[in-house]
Structures are given as C-alpha cells and as structure tokens.
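Biologist: I would like to learn how to read a model of this kind. Please take me through it one feature at a time.

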Amino acid sequence: MPCIFCQIASKEISSELLHEDDDLIAFRDINPQAPVHILVLPKKHITSLNEMKDEDFPLLGKMAHVARELATKEGIVERGFRIAVNCGQEGGQTVGHLHMHTLGGRQLKGELG
Ligand code: AMP
C-alpha cells in the first residue's frame, strides 16, 4: 500500500499545499485539531523519528524552520503555537511517514490539547 504522504508529495493525492521546496512539503491537516493545523514533512520517505539516519537529522531543523515561517504567515507566531512529532503507536503516530504537526490559533492544553 503506497504511503499517503508520499502520494501527497508526488501530487497523486491533492492537498492544500502551503509550502514546497527541494526537501519538504507542508499542507493543512485534513482533520484539524486547532484553527491552524499544518503538517510539515520531508519528501523523502522516512517512516518515523525511529528510522531517521544520522544524515537525515538536519531535516528536522528545516522542518521547524518551515513550521515557524508558516506560523508567521498564519498570524499565530506571537500568540504562540506548538510543533509536535508523534513517533510510533503509543506516541500517537497514525501515518507512517515522518511529519511535524504545527498547531495554533487557540489555547492549547495538555497532550496535544
Ligand atoms: P499522526 O497521528 O501524528 O500520524 O498524524 C497524522 C495526521 O495526518 C492526522 O492529523 C491526520 O488528520 C492527517 N492526515 C491524514 N490523511 C491526510 C490527508 N490526506 N491530508 C491531510 N492530512 C491528513
């Protein structure tokens, strides 16, 4: 079964794309948990944080940078926002392609609020 986020990255499946560069894409979460809920992810298929190789780790910094840029564009950077990477079953990861949630636009609370 093809990875849904790889299919979004290759445009086989449409999304509300907010950012694209050589390494990353970002699009709105289909089931938003907050007024702003954006997913930032590498185009390269990496299943989760657990499968990242040493050479992949710079991607996490790029993902955080894009997340902050998008939070700025969405007008939530001053009020505050959250980035989160779920890893594995008990971490709440449901899609097996590394991704960073970017959430904001309301007061977030515990867990993922
Ligand atoms: P996680 O539970 O951390 O693996 O997050 C996966 C996220 O992907 C969930 O918040 C889903 O709502 C979101 N999602 C799943 N399919 C799509 C899709 N086709 N387009 C946008 N977001 C999606």
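Biologist: In which helix is Pro58 found?

Modeller: Helices (H or I, at least four residues) and strands (E, at least two) are DSSP runs, numbered from the N terminus. Pro58 belongs to helix H2, residues 58-73. This is a predicted model, in which local features need pLDDT of at least 70 and side-chain atom pairs count only at pLDDT 80 or more, while totals for chains, interfaces and linings use all residues. Residues are numbered from 1 along each chain as its sequence is written, and side-chain values use heavy atoms, with hydrogens and water left out.

Biologist: Is Pro58 buried or exposed?

Modeller: Buried means under 20% relative accessible area, exposed over 50%, and partly exposed in between (1.4 Å probe, protein chains only). Pro58 has a relative accessible area of 51%, so it counts as exposed. Lys11 has 48% and is therefore partly exposed.

Biologist: Where is Lys11 found, and what is its phi?

Modeller: Lys11 is in the loop between H1 and strand E1 (17-20). Its phi is positive, about 70°, although Lys11 is not a glycine. From Lys11 to Pro58 is 24 Å in space, C-alpha to C-alpha, and 47 residues in sequence.

Biologist: Where does Ile30 lie?

Modeller: Ile30 lies in the loop between E2 and strand E3 (36-42). With a relative accessible area of 86%, Ile30 is exposed. The C-alpha atoms of Ile30 and Glu16 are 8.9 Å apart, and the two residues are 14 apart along the chain.

Biologist: Which polar atoms of the protein lie by the ligand?

Modeller: A polar contact is a pair of N or O atoms within 3.5 Å; within protein, one must be able to donate a hydrogen and the other to accept it, and residues adjacent in sequence count only if both atoms are side-chain atoms. A polar backbone atom of Ile30 is 3.1 Å from a nitrogen atom of the ligand. In the side chain of Asp29, an N or O atom is 2.5 Å from a ligand oxygen. For Thr94, a backbone N or O atom is 2.7 Å from an oxygen atom of the ligand.

Biologist: Which elements give two or more residues to the shell around the ligand?

Modeller: Those elements are helix H1 (4-9) and strand E2 (24-28). H1 gives the most, with 3 residues.
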